[in-house]
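Here are my notes on this one, point by point. Have the model open while you read.

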Amino acid sequence: MNRFSKIEDVWSYLDAIPMFQNSGAAASNFNLYNIRSFCDRLGNPQDQFPSIHVAGTNGKGTTCYLLEQIYASSGYKTGLFTSPHLVRYNERIRIEQQEIPDQYILQFFQQADQLLQKIKLSYFEISTVLAFWYFKEQNVEIAIIEVGLGGRLDSTNIITPEVAVITSIGLDHQEILGNTIVQIATEKAGIIKQGKPVIIGNISGNERDIILTQARSKDCTVFEVSALKPEWDGGSTILKAEDQILSTSFIEKVNIWNVAIAWKVTDLLEESFPVNREIKVEAIESFRGAPARFEKLHTQYEWYFSGSHNVQALQSSLEAIEHMKPKANCVLVFSAMKDKWTEQTQEMLSGFKRTWFVQQDAERALRFDQINKEMEVELLDENTAKNILKELKTELVIFMGSFYFYPTIKRWIKNVL
């Protein structure tokens with residue numbers, strides 16, 4: 001008897017599987033054997049469509065959404081796979097910028113039920129296979145695949161993409177990827193495939209050397225977007241090598257690298273996937289950012305959400321805040337995971353006008369009593385959210401931290417205001 005007669009059966013099944021946001025490394029399977037075996041029995045759907053593979057400590061999500069926008073605007077049937085989802089599971093998988101409908105999720109689980117019983121997959125592996133199956137079933141013309149974590153042993157790394165992209169390299173998930181930049185760079189470089197071109201963002205030093213060495217060993221050509229000389233002009237992105245000025249709406253300067261990468265990817269694939277230059281410019285200029293990446297949360301209030309969950313991302317967001325208003329005149333509302341909380345993080349998040357902390361309901365979540373003794377912070381929760389948010393209507397407020405914090409804030413704003 002099939003276990004999945006309705007979509008609620010799928011949600012119950014997924015909810016019973018450990019998720020990375022709650023359990024960390026314990027929820028992951030850093031071995032490609034199971035997913036390879038599973039996909040092989042499904043007919044290897046990952047080999048049935050052309051793809052772009054995007055890894056990186058920061059910037060990979062925005063780069064993926066940018067590429068989707070460009071190719072969708074150019075008339076291609078696009079696929080997009082990203083993680084984690086922010087509000088609902090369906091966000092992870094999109095075709096032509098539309099989330100996968102429940103009916104296709106249910107169809108996959110009904111077809112794969114026996115296989116799921118034979119081969120145990122992690123939460124992320126199931127999501128990855130579902131995306132590959134859906135893209136194959138719907139005959140997408142180009143799929144943009146975001147690496148979940150690392151690269152070499154990430155579930156997505158069974159594809160052979162048209163191009164591999166590495167946006168940036170910084171310290172994150174050290175408990176899994178290694179404690180040094182060199183170790184992390186080695187894991188990211190693991191997405192490089194034999195003879196396939198590689199595009200890298202703002203990467204230098206030893207980590208750049210590691211990528212170049214890996215690329216040479218696989219006979220790959222490397223394109224560094226620093227050659228485009230991306231510059232920031234208070235909201236405009238300038239690509240000097242292309243003599244192009246783009247009037248983008250980004251708040252964070254770091255996005256010049258994401259724009260340059262998307263520009264280079266589309267140029268590199270021009271022969272197989274031609275894109276009109278005017279359409280490309282329009283697609284980039286009309287892009288309003290990826291969800292939760294310094295997203296403006298309200299039309300009337302100066303409230304922003306920044307999913308900054310590592311030092312590199314925090315530095316970028318704090319720099320953007322200072323350009324808007326001095327830190328001492330801004331309000332911070334943040335949440336964090338225990339494994340992300342360090343003395344450096346604490347120092348970076350100090351100095352705001354007022355600071356509130358939201359404690360999430362997860363094993364990995366940082367607790368209020370752990371930081372209350374370390375910094376001046378107030379607790380914001382379900383009971384106090386209504387009154388406090390109303391108080392903050394006239395303030396510039398930065399909601400910052402884990403992406404898993406995002407749905408809570410969105411719900412509060414919707415219900416309170």
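1. Start at F135. Setting aside its neighbours within four places in sequence, F135 makes contact with F49, G79, L80, F81, I93, R94, I95, V140, A143 and I145. Keep in mind that this is a predicted model.

2. F135 also turns up in the largest nonpolar core, which has 40 residues. Along with L14, F38, F109 and L116, F135 touches the most other members there. Two or more residues each come from α1 (7-15), α3 (33-41), β3, α5 (102-118), α6 and β5 (142-146). Which element gives the most to this core? That would be α6, with 10 residues. Another core lies apart from this one; it has 36 residues, and V165, L239, I256 and F287 are among them.

3. Now the eight-stranded sheet. It is open, its pairing is mixed, and the strand order reads β4-β3-β2-β5-β1-β6-β7-β8. The edges are held by β4 (98-99) and β8 (222-224), each with a single partner strand, so one side of each has no neighbour in the sheet. At the β8 end, β7 (residues 198-200) pairs with β8 in the parallel sense over three bridges, and I200 has E224 in β8 as its bridge partner. Helix α6 lies across β2, β3 and β5, running at about 15° to β3.

4. For a residue within that sheet, take I52, which is in strand β1 (residues 51-55). Buried or exposed, at 0% relative accessibility? I52 counts as buried. Not counting residues up to four places away in sequence, I52 touches L67, Y71, I142, A143, I144, I145, P161, V163, V165, V265 and L269.

5. β10 (residues 236-239) and β11 pair in the antiparallel sense over three bridges, with I238 opposite I245 in β11.

6. On to the aromatics: a search of the whole structure turns up 24 pairs. Why is the pair of Y89 and Y123 edge-to-face? The ring centres are 6.0 Å apart and the planes are at 85°, so the pair gets that label. This pair links distant parts of the chain, 34 residues apart: Y89 is in the loop between β2 (78-81) and β3 (93-95), and Y123 is in helix α6 (residues 123-137). Y89 and Y123 are both buried.

7. Compare F357 and F368, an aromatic pair that is stacked, at 6.4 Å centre to centre with 25° between the planes. F357 belongs to strand β15 (residues 354-357) and F368 to helix α14 (residues 368-371), 11 residues apart. Both of these phenylalanines, F357 and F368, are buried.

8. Separately, K280 has its charged end over the ring of W263, 4.1 Å from the ring centre.

Technical notes. Residues are numbered from 1 along each chain as its sequence is written. This is a predicted model: local features need pLDDT of at least 70, side-chain atom pairs count only at pLDDT 80 or more; totals for chains, interfaces and linings use all residues. Side-chain values use heavy atoms; hydrogens and water are left out. Rings of Phe, Tyr and Trp (its six-membered ring) pair if their centres lie within 6.5 Å; planes under 30 degrees apart count as stacked, over 60 as edge-to-face and the rest as tilted. Helices (H or I, at least four residues) and strands (E, at least two) are DSSP runs, numbered from the N terminus. Buried means under 20% relative accessible area, exposed over 50%, partly exposed in between (1.4 Å probe, protein chains only). A charge sits over a ring if NZ of Lys or CZ of Arg is within 6 Å of the ring centre and within 35 degrees of the ring normal. A nonpolar core is a set of buried Ala, Val, Leu, Ile, Met, Phe, Trp, Tyr and Cys residues joined through side-chain atoms within 4.5 Å. Contact means heavy atoms within 4.5 Å. Two strands pair if DSSP finds at least two bridges between them. Axes are lines fitted to C-alpha atoms, for helices over the stretch in contact, and angles run from 0 to 180 degrees between N-to-C directions.
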